[in-house]
Amino acid sequence: MKSAIPEHREDELSRETPDPPVTNQQTSWSDAPSRDALQLIAEGVTQLAGFGVAAISAVREDGKMEVMAVAGSDAARLELQGRRTPVDRLTSELAKADDWGLLRFVPHERLDPDAGEDWGWVPDVAPIDDENAWHPLDMLVAPLYDDDGALHGSLAMDLPIDGRRPGQAQRAVLNQYAEQSRRAVLVALEREKLADRVRMADAARRIVRTATAQLSLDRIVADSREALVEGFRAAGMWLQTFDRDGHGGARGELYSSDGSHVHLTPELIEIAEGAAHRAWEQQQVVVVAPDRAFSAALSAEQGALVLAFLREIGVESLLFTPLGAGPECLGNLVLTRTAGAPEWTEAEATTALDIGHDLGRAILNARIFEREHQLVEELQQLDTYKGQLLATVAHELKNPLTSVMGHLEMLESSPDLTGTTRSSLNAMDRGARRMVRVIEDLLLLSKVGDPDDPMIAAPVDLARIVDDVVDLITVPAEQKQLEITVELPAGPVFALGDHDELDRVAANLVSNAVKYTPASGTVRIVVDRTGDDVVLTVADEGIGISQDDLLRLGTEFFRSSNPEAVAQPGTGLGLAIVRRIVDRHGGRLEIQSDLGRGSTFQVWLPAASA
Ligand code: ADP
C-alpha cells in the first residue's frame, strides 16, 4: 500500500504486540462520530472486501494527507494512524494509474522506484504464482474528490487475502466502499470546519469581551492572554505594540503569555514590525511552520530566520497576526504551537485577523486613555505649580506690604500734612488695603487647596456663623437700603467642618449678594437641615449671572463679563475659595441664576450628627 501508508514491513504488522495506549497526538480529528464512521468503512474493506489492511486519509490544511482510520490490526493502526505524507506524492502516482471507476491501480512495473522507497508501505510477501498475482509494490487507492473535483482524501488498501489483483466483482465492492469513504471524509471535514468555526467564534467573543473592558495595555494583555492561548490551543503567545508614530525611535513593548520576557533580537523585531505592516495592509495573517510556504508579508530569508529562532525556543509553528485600527498598524500578536500540535486552521486564521482588529481598537483606546491620563496629570502638575507660585508670590508680597502700611499709618498720623499729601496718603492706604485683601485671599486659596494641609473637622453651628456674618454686613446693606431676611431654625444647626473656613464661605456668599444687588433689593439667607445635610441658601434679586459665565464661575480670578458686575470692586477669588472649601468638606455648591433677575447660591454640607 503506497498511497498513504509509510513504508512498513508486513511481518511487523502481524507481530503480536501488547496494546500500548493509543495516544494519537497528531490526529486532530476530535469529532468522535466522524472518526467512528471512517473506522467502520476501513474495517468493512478488511472484513468484507477481502483486503488485509485498509486506511482512510484526509487532506489537511497544510496540504498533507493524514491517515485518519486504519483497519487490519492494532499494530497497523498504531504504526500508521496520524502519519502524514505530501498530497503531491499521491497525485503524481495517480497520473500513471489505471482507471477502475473510483479506484486507481498502479501496477508495480509503473511505480517510480525512487519515490516508492521512502513513502510507500511494502508488505514483505512473495507474489503467488499467478498471472494476476498481487505484487508487494502494487498500489490500489481511491482518491476522494468533492463535487468540484478537489482532492480531500483517499482510501488505500493492501494485502489482498487471495493474493490476487482484484477482479471485476471485487472492484465493484471496493468502489462502493470508496464512495462511502468519500462521503464520510467530506462530512467529517465539513463537521470539523464547523466545529472549528464555532470554537473560534466562542474564543473570539471571550477575548474581545475581556480586551475591550480594559483601558490599560498591560491589563488588556494580562486579561486576554488566557483566552487567547486557550481559544487558539496555543502553547504561548506574545504581543508587540509599536511606537505611536508607527516607526523608528524607541521600540514598542513585548508581552509574553506567561509574563516571562521574550527576548527577540533587534533583527527579529524589525522583521516582525515590517511583516505586521505588510500583513495589515493585505489584511492577512502569516503562518510560519516548517515545510510551509511563507506569505507575501515575509521573504524567504526572513522566514528562515524566524524558523531558526522558533527551533531555538522549542516552538514548531506560529500564527502571526497584525493588530491595527483603520489604516494604522499598531502591533502584532504571535501565537505559538509546539511539535505534535494540530496545524493552524482557516477558521483560526480568520478569527485571528478579526481579533487583530478588536485588539487593535482596544490598544488604540488604551493609548488614547493613557494620553488623556498623562495630560490630566500634566495639567494637575501645572495647577499645583500655579498654586505654589501664587502662594509664594503672596507670601513674598505680604511682608513688604505690611511694612508699607505701617509707614503709611505713621505718616498719616503726622500733624503737619498738607491737604494734597493727606489725600495722596489716603489713596495709597486704600490701594495697600486692597492689595492686602488680594494677598490674603491668595494665601487662603492656596491653603484650602493644599492636600497636605487637611481640614480638621468639628461640629460647627452654621446658624451662629450666619448671625455673625449678617451682623458685619448690616452697615453696607443699610447704606444700600437692602432688605436682608434671615431664616434660621430655633436651635443650632451643626455642620461638620472647620469654623473659620465655613465662616469664610458664608461671608463671601452674603457679601457678594449685597455687592451685586442694586439699592433697595432684597437678600434672603436661610439655614436648614435636609436629611444628612445642612444647607445654607443665599438668594438675591440682584444683577444675576449669564449662563455662559455660570460655567466658569469659581475659577480663580474669574469675574463675569457683565459690566454691572465689573463696576463693583472684586478680585474674582471669593467663589474659588468657596468652592475649594466646600469640596474639602465633602459638600457641594449649587448655583442658579438669571441675568437681571437674581441668583441663588446653595451650599450642602454634611451635618455633624450624621
Ligand atoms: P469677586 O471678588 O469679583 O466678587 P467672586 O469670586 O466672589 O469674586 O465672584 C466672581 C464673580 O461672580 C463676580 O465677579 C461676579 O461677576 C459674579 N458673582 C458672584 N456672586 C454674585 C451674585 N450674587 N450676583 C451676581 N454676580 C455674582
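**View 1. Helices α11 and α16 lie roughly parallel to each other.** The model is predicted, so local features are given only where pLDDT is at least 70 and side-chain atom pairs only at pLDDT 80 or more, whereas totals for chains, interfaces and linings use all residues. Residues are numbered from 1 along each chain as its sequence is written, and side-chain values rest on heavy atoms, with hydrogens and water left out. Helices (H or I, at least four residues) and strands (E, at least two) are DSSP runs numbered from the N terminus. The axes of α11 (residues 419-448) and α16 (residues 574-584) come within 9 Å and cross at roughly 25°; axes are lines fitted to C-alpha atoms, for helices over the stretch in contact, and angles run from 0 to 180 degrees between N-to-C directions. Angles under 35 degrees count as roughly parallel, over 145 as roughly antiparallel, 65 to 115 as roughly perpendicular and the rest as oblique. The crossing of α11 with α16 is left-handed, a term for a near helix turned anticlockwise from the far one by less than a right angle, clockwise being right-handed. On the α11 side, Asp-441, Leu-444, Leu-445, Lys-447 and Val-448 meet Ala-576, Ile-577, Arg-580, Ile-581 and Arg-584 of α16, where contact means heavy atoms within 4.5 Å. By class, this contact of α11 with α16 has 6 nonpolar, no polar and 4 charged residues; Ala, Val, Leu, Ile, Met, Phe, Trp, Tyr, Cys and Pro count as nonpolar, Asp, Glu, Lys and Arg as charged, and the others, Gly among them, as polar.

**View 2. Helix α7 packs against helix α10.** The axes of α7 (residues 217-231) and α10 (residues 346-412) come within 10 Å and cross at roughly 160°, which makes α7 roughly antiparallel to α10. Leu-217, Ile-220, Ser-224 and Leu-228 of α7 meet a set in α10 that consists of Ile-355, Leu-359, Ala-362, Ile-363, Ala-366 and Glu-370.

**View 3. Seven antiparallel strands form an open sheet, in the order β3-β2-β1-β7-β6-β5-β4.** Strands pair if DSSP finds at least two bridges between them. At the edges stand β3 (84-86) and β4 (98-100), each with a single partner strand, so one side of each is left without a neighbour in the sheet. Neighbouring strands are turned by 30° against each other on average, direction ignored. Helix α2 (residues 32-48) packs on the sheet, touching β1, β2 and β7 (151-160), and its direction makes about 150° with that of β1.

**View 4. Strands β4 and β5 form a hairpin with 2 residues between them.** In the turn, Gly-101 has a positive phi of about 75°. The two strands pair in the antiparallel sense over 3 bridges, and Trp-100 stands opposite Leu-103 in β5. From β5 (residues 103-106), Leu-103 and Phe-105 point one way and Arg-104 and Val-106 the other way, and all are buried, that is, under 20% relative accessible area, with exposed over 50% and partly exposed in between (1.4 Å probe, protein chains only). Strand β5 is also joined by 3 bridges to β6 (residues 139-145), which runs antiparallel to β5, and there Arg-104 stands opposite Val-141.
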